[in-house]
Every structure is written in C-alpha cells, then in structure tokens.
Protein chains: 2
Amino acid sequence: MNAAVLDRLRTALGDRVDTTDAALEAARADRSGHASPTAPLAVVHAESTSDVQATLRIAQETGTPVVVRGAGTGLAGAAIAGTGEIVLSTLRMRRVLEIRPDDLLAVVEPGILNAELDAVLAEHGLWWPPDPASRDISTIGGNIATGAGGLLCAKYGAVRDAVLAVDLVLADGRLLHLGHRSVKGVTGLDLTSLVIGSEGRLGVIVGATLKLRRVVPGAPCTIVATFPAVRDAARGSAAVTASGAEPAIMELMDARCLAAVHALLELDPPADGVAQLTIQTDGRSAAVEAEQIAAVLRAAGGTVTVTDDPVRGEELLRIRRSMHTAMAALGTTLIEDVSVPRSALPAMFDEIARIEREYGIEIPTVAHAGDGNLHPNFIVQTPEIPARIWQAADDLFRAAMRLGGTLTGEHGIGTLKRRWLAEELGEDQWQLQRDIVRAFDPAGVLAPGRVFAHRTTEPDAAAPNNAEEPHA
Amino acid sequence: MNAAVLDRLRTALGDRVDTTDAALEAARADRSGHASPTAPLAVVHAESTSDVQATLRIAQETGTPVVVRGAGTGLAGAAIAGTGEIVLSTLRMRRVLEIRPDDLLAVVEPGILNAELDAVLAEHGLWWPPDPASRDISTIGGNIATGAGGLLCAKYGAVRDAVLAVDLVLADGRLLHLGHRSVKGVTGLDLTSLVIGSEGRLGVIVGATLKLRRVVPGAPCTIVATFPAVRDAARGSAAVTASGAEPAIMELMDARCLAAVHALLELDPPADGVAQLTIQTDGRSAAVEAEQIAAVLRAAGGTVTVTDDPVRGEELLRIRRSMHTAMAALGTTLIEDVSVPRSALPAMFDEIARIEREYGIEIPTVAHAGDGNLHPNFIVQTPEIPARIWQAADDLFRAAMRLGGTLTGEHGIGTLKRRWLAEELGEDQWQLQRDIVRAFDPAGVLAPGRVFAHRTTEPDAAAPNNAEEPHA
C-alpha cells in the first residue's frame, strides 16, 4: 500500500518526493521539543500550487493522511508526522508575487520566512505587523496556520488582523480563493478568518494577501522598569494599560527568567527576586508617551530608565529576546502559552507561584504584558515531559480559564493541548468545530488527530496520528 | 399549523409574542427600500437569552423559519420577513453588562444602538471604532451580523477587528460561547470571526465582548479639497493613501452628490462638475498630518482648505453626513456598496461614468475613499427598482470584481445580492459555505434563502423566504 502511494507520488512529482532518512527524521519533530516515535512515509517538497494539488489528489484517492509543514518551528506539535503520513512541505514556495504600496498589500507564497518578507517590504517603506518570536525562522504560511502573535499585538494586532485573502487547496485538491483585496468586504462567510489559526486542518495555504502598514516614522523610545517582585511588575503593566498609554511593546520577565538571561549574556546578576518590564513606544509621540509611562511605573513602585537611543534600546530588548536561548540552556523546555485579560495578570502570576509551591517546581515566566499572553516555562532534565509536569500544566491551564483566559494565545493546540480543547470550548462547540472541519475535508485526509482527537488521547506528542476519525 | 405554532409561542413567551398589524407590517421591510409582499407570522420581542432559546426550540420542533431582526436598518434585505416566518427581535436585549477600561473591553447585549453604547463608553473615556452611517439607529447585534464598516475603517478597522467574543444561540436553541476575553487567543477554530458578517444564518447573537479603544486625544483637523472632476478627486485620495498618510476619515463626493446636498442644506451650489474630498486627521499629530495631506492634495490639483476648529470641522463633515437624506429626497434609492483596492478608485469612477452613459442614467456616488468602499446610488421614481436598473447594477458589480474588488463592502448580501454571490466566490466556495451553514443549522431554520439561494432566485426582495433548502 505505502509502496503504491510512493510510486504514484514519484510519478507525479519526481524528485520532489523525498524519502531520505534526514528528511523523514526532521519531519518527526518541531520546536516544541517533542517528536513522533516513528517517521513519516515521505516528504513532498511542493514548488507550486499544482504540486500541492497533485499530492492531495493522490492522498485523497489512496486514503493517505497529509501533514502540512512550513519551517517546522511550531511549538504545539501540529506538524509532527509519523507512520503512514505524507508530509507536504511548502518551504520551497517562497515567492513574493506582488507588493502594492498604494494599496498597502502584498501577495506572497506561504514558504517565505517572516523576517525575509520584512526585509523585502522595508525597501518599500512597508511592514507586516505580526512578529512572532520565531520570525527569523518561521514562514508566513505557518504564521497564518497558527494565527501567530508576537510582541506588537496589543498595538498592531495579530495575524487575524493582518490577512485579507488566502488561497487554499482543499483536501481533495480543489483550489479556493478566499477573501478579497479591498480593505472592506463582507461577501459571504469570512472563510479567510476561519483558516487563520486552523493548524492545517481545513486546507493547504498556497498564497496569502497580506494587509501592510507603513513603517512607523521616527525612532522608538525604550523604558526599562525593575520591581522588587513579579506581582509588582504585573501590577505596573496593568497600570500602564489602564492609563490609556499604547506602547508598541510591553514585555515582562520574572526573576528566574531575568537571572537566566543575565547569566547567558554574562551581565551582572539582578538583585534577588527582581522582575523587569521592557517597554517601547513608537511613532511621532514616542518620547511624550515614554515619559507618561515612566511616571505610571514610578508611581507603581518601579525603578525606571528611559532611553531614546535606538542602539541602547535594542541592547535592552536583547535581554528579552534571549529568553528562549536562556531557557533551552537549562534543560528540556515546555513553553506554555496561556493568555488572560490584562487586568488578570497579577492574579495569574499568583496562580503560577501557587503551582510552583504545590508541585515543588520552578516555572520561569515571561509575558507579553501588553496583551496578557504569558509563556510559563516548564524545564526538566529528561528528554520527555513527565506526567507530573503535565499535571502542573493542567493546573495552569485551568487557572488561566478561571481567570477568563484561554489555553493558547499564539502557539495553537496541535497535538500537545488536544486534551483540554473541549474543556474550554464546551462539548457542543467542540463538536460543531469538528463538523466544520468535516465540511472542508470529509475524508479526513488533512492532519487527522491534530487539534481535535478522541477523548482517550494522551496529552503527549507520542501519537500525532491518533486520528479522531477513520480514513477511507 | 400556523395557529399551533402561535399557541406554543404564546404559551412559552406570553405577550412578547406580537401579532399586531403594526409589528407585522414593520417586519416586512428594512432600510433598503424593499419589502416582502407578505407579512410574517409573528414578531417575538425577546427579552433574554432564554426567550431566544425558547423561540428557536419551538421553531425547530415545528419546522418554522426564523428571521433575526435588530433595528431593521439593513440595506440588503436580510431581515425582511414574509409568510410563515417568525421574526425574532433582539431589540429589547439592550443591557451593557460590563465595561472594563483596564482590559479595554465591554460585554453587551445585541439590541443596544451603536450610538447609545458610544455615549455610555464615552463616560469612561472609551469608544468602539465601528461607525456605520446608521450608527444612531442600528444595533450592535446588527453591526456584527452584517460585519458593518463606516467612515473610520482604514485607520481603525471594521467590526471584524473589534469583536473578541460572541454568545450565539444555535438554531436548535443551544447556547455557545465563542471567542475569548483576552487580546490573543487561538484555541480551536475562530468561530467568532465566522459569525461576524454571517447575516443571521449561523445563529442568534445574544451577547458580544467588544474590543475597545481609548478616546483619541486632542481635536481633529479637517481638510476639504475640491477638484474639477470626480476622477481627479479619486486620484487625489489615492495619492493621499500612497503618501503614507493615515487619515481617520477620507470621504469622496461626486458632483451630483455634492450638488444634491448643497441644495438640501440650502448652501450655495458648487461649480459645475466639482467633486469634493472631506478628510479628518486625529491624535497628537493631527495638525502635522493635515498639512502633509493638504500638500499632497494641492500637488494633485485640488483647491484645499484646512481647519483645526472642531465646530467648523463638524459643519464640513455635515455635508457628507447629509448624503443619504439628500438622495432619499430625489426618489426611491438603491444604495450600492462595492469595494475595490484603493488604487482602483479612479478606474472604478471611470466604470461608473461608462455605465451612466450606456444606460442613460445618473449614479450619484459617494465613497469611503480611505478604504476603497463606494456607494453608488441608483435613484428611480417608482416604488420598486426596475429590471433595467438591476442590469446597470449587475454591470457595476462585474466592473468592481474585474478591478479586484467585491460585491459588498459593508452592507451584506441579504436577499438583494444573492444572485451574484456564487460568481464572486466561485461554485466550489459557494457550496462549501452552504455546507458550513448546514453544520450550524442542519434543519435550515435560520433565515432560509438569505445570502444563499437557488440559482433561479430573482434579484429583488419580493421573495425573501425563497429558501435554498426545504425545512423539515
């Protein structure tokens, strides 16, 4: 059976069908630190929409599951592939088809990296706001498929706010053009928005029309404020939001994160327990806004430094940007991704402290405090995350939901959070969402088992192709 | 049968079931100027979510179609109801349940008017950006159901950008909580976005969590520029967008509109053929931006006036805001609503001029030039729109689509544009959208025949309940 599928793929796609050990091995993992216990059948390196269509038609006819993959930088295990699955890579589809400064839009293929596109757009004085921390290594297609966020979301929006249209190949190989090129458009259901964050379950993104902005004029101002404890820093960031200020970036690092990064960068260690806010204002009023924010933070008990030197500002932000490297140096990391209303940030940090106490573990946490998205890090010294850590994560998720928050702010459900999906959505909505997936992909070819899964599915990534529905 | 349905409704809902002639007559029409030839069965004035659920359960069990209605200000005939249909009004569900300045969100019931909510929010220094021209008379629920736009969309976004969560009662009476309260959230499929603009086909909106902004500081600056012809004005507005300026409002009135409003307001008549741009900048840099825009417009051949006096600015904007009244004074109006990429505005005005010549008619046109959304007005002296005018509208729609635009920027498909929907979406996407509707409402209880309809459906509103699928 598998041999017959491979034969058909090779006949249709030639040497774009890759079954080398290196390719199959790479497709077992993503950046979540988790891997499939087995390797997939093949990796197809699609170079065009018709390659994507040909692959899907063969998959549909042979009942072979397909997992779409960009740069493999996901943090939720959605693109982890295993036995019997075809990995459909869009990494070679990387053309910028159109840039229109007059219409503030660009049309791109899915495989281009976020930072590469940004460099091309900068030549036109333009940018695309979504800036996930992975921007140097993640693709636009992947950013759309996960509904990626980043540091600038409170002021400039997430992917949901920055995509006008998507070209989507359905599981049966048909190509749909969703959305429109105009700023406004309410013709029919908004399937473009539905595809954003759908994690490869609805179709394969082969093109996207992106909503751009002009590069913001002037240099940013950077504010660093330290607080004696993380709860004080969280209260400080909530006070900034409540004051009406609109920083472009507002990042919070707790004491453990700050200490780890200082050690990595060989800086003087911070005082014990000190947490830090790093804030940037931008635009023509950057300096005025920076002084207003500094006053709010001082009133909240912070020790505040402000600089309008962009080089110094970048140095200060580098401390925040080095977080993931610092965490990875400590062990195997499970980067969590809960999001809460901004006023609930202090309460969420209280919950994290409680979980640390109850489980006897450390949970270094960084937060996009401007939008309420926290990344608590669980760090272990084993290659797999033990069950006890998953119990602590479970406790964390429930705490976020109790505070009016959500399981995942920007990483997605993938395979790692399937177990909690129905709890947040409710059974009725969970079932409805599965029915919608079925309307797009009745045979269940695309990424079966990702996002939605049988209730019996274990929370780890060991069984990515544990499908919730049988294939033909 | 109908008597039995009425009995059940009255038993469950008492005097909230309204079968007075006045209520039934009002529910036959909306603000499109079109009306159903027959009256509906009853109007239910829901006062709570459980009223909505009770109505839908009875409808589901008896196979009775239900049309949701807010203030009835729609312009596409979606809420026009006829024989055998229950009209479910959410106009009495008008509470503001929560306002959170610290989280920049509000939770509201669907029946509150946009302008009423704005007044409440203003007390907290907050606002909700979507500002359809109907804001004084249209509900938040209706704004969400149509995906309403308005004057501020280019800078501040449409409804799609301003709703975090929706509480939705399904056709069978089950209540779902879609979305989240946090700024970020990618848990499962984004059904909140799918409901925005779904025109009553997916469920009944009984609550919404709105994403707010702080009131913009400072007074706006207003710029008025006149041009010898509409094409020049369109090129002027395109030049403003291409310059990187970000006006809050940029409105274009062609010569016929301008003359009609001047007559209505008893102002001196404008020079023959003269078209006008009315622009507002806001925020801390309003004055600087206004001077930059003025320079661009002068270079484009405009005669430009700038004022930073808010009272004078409001007087100038009043000319634009009086458009609909001026048009209504001329006869029966079909307000069209195409949207094109902003660079295509001059070409779209060329197409309108061509259609005027070919059909020997006048099409006074106003445009939200900042976002590319045009409202060409077809005016006739008969109560119904004649077939020949629909042919001209058909020509207009196809022209907008050829220019990369869309059938409807902010009014929706309703009953009036069903005929063109498949042409823009393509047959495959049209069918997929219908399948998605079916996943929400398998029995076809909600607003059957709206948006989607049999290919044989006539383009007028005479048969709103011409369903595309039979009921049980």
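The following legends describe close-up views of a predicted model with chains A and B.

Residues are numbered from 1 along each chain as its sequence is written, and chains are lettered from A and ligands numbered from 1 in the order in which they are written. Because the model is predicted, local features need pLDDT of at least 70 and side-chain atom pairs count only at pLDDT 80 or more, while totals for chains, interfaces and linings use all residues; side-chain values use heavy atoms, with hydrogens and water left out.

**View 1. The two chains and their symmetry.** Chain A is superposed on chain B by a rotation of 180° with 0.0 Å of shift along its axis, at an RMSD of 0.0 Å. That is the relation of a two-fold axis. The same surface serves both copies, since 100% of the contact residues of chain A recur in chain B. The superposition is by least squares on the C-alpha atoms of residues with pLDDT of at least 70 in both copies, and contact means heavy atoms within 4.5 Å.

**View 2. The annotated segment of chain A.** An unreviewed UniProt entry carries the annotation "domain: FAD-binding PCMH-type" for residues 36-215 of chain A. UniProt positions are given in the numbering used here, feature names are shortened, and annotations may be inferred rather than shown by experiment. Over residues 36-215, chain A is 22% helix and 25% strand, and the end C-alpha atoms are 41 Å apart. Helices (H or I, at least four residues) and strands (E, at least two) are DSSP runs, numbered from the N terminus.

**View 3. Domains 1 and 2 of chain A.** Chain A is divided into domain 1 (2-89), domain 2 (96-214) and domain 3 (221-402), with bounds that come from an automatic or database domain assignment. Between domain 1 and domain 2 of chain A, the C-alpha centres lie 23 Å apart. Their contact takes 13 residues from domain 1 of chain A and 15 residues from domain 2 of chain A. The two domains bury about 1100 Å² between them, 67% of it on carbon and sulfur atoms; buried area is the accessible area (1.4 Å probe) that two parts lose on being put together, summed over both. Zero salt bridges are found across this interface, a salt bridge being a side-chain nitrogen of Lys or Arg within 4 Å of a carboxyl oxygen of Asp or Glu.

**View 4. The surroundings of A:Gly70.** A:Gly70 is placed in the loop between β3 (66-69) and β4 (86-89) of chain A. Leaving aside residues up to four places away in sequence, A:Gly70 touches A:Ser89, A:Thr90, A:Leu91 and A:Thr139. The C-alpha atoms of A:Gly70 and A:Met93 are separated by 9.7 Å, with the two residues 23 residues apart along the chain.

**View 5. The salt bridge of A:Asp118 and A:Arg135.** A search of the whole structure finds 66 salt bridges over all chains. One of them joins the side chains of A:Asp118 and A:Arg135 at 3.0 Å, N to O. A:Asp118 lies in helix α4 (residues 114-122) of chain A and A:Arg135 in the loop between β7 (126-127) and α5 (140-146) of chain A, so the pair ties together parts that are 17 residues apart in sequence. A:Asp118 is partly exposed, at a relative accessible area of 23%, and A:Arg135 is partly exposed, at 24%. Buried means under 20% relative accessible area, exposed over 50%, and partly exposed in between (1.4 Å probe, protein chains only).

**View 6. Two salt bridges in chain B.** B:Arg16 and B:Asp51 meet through their side chains at 2.8 Å, N to O. This pair links distant parts of the chain, 35 residues apart: B:Arg16 is in the loop between α1 (2-13) and β1 (17-18) of chain B, and B:Asp51 is in helix α3 (residues 49-62) of chain B. B:Asp51 is buried, with a relative accessible area of 7%. A further salt bridge connects the side chains of B:Lys417 and B:Glu336 at 2.8 Å, N to O. Here the partners are 81 residues apart, with B:Lys417 in the loop between α14 (387-402) and α15 (418-425) of chain B and B:Glu336 in the loop between β16 (332-335) and α13 (345-359) of chain B. B:Lys417 is buried, with a relative accessible area of 4%, and B:Glu336 is buried, at 3%.

View 7. A:Ala447 is found in the segment after α16 (427-440) of chain A, with a positive phi near 50° in a residue other than glycine. A:Ala447 is buried, with a relative accessible area of 2%. B:Ala447 is in the segment after α16 (427-440) of chain B and has a positive phi of about 45° although it is not a glycine. B:Ala447 is buried, with a relative accessible area of 3%.
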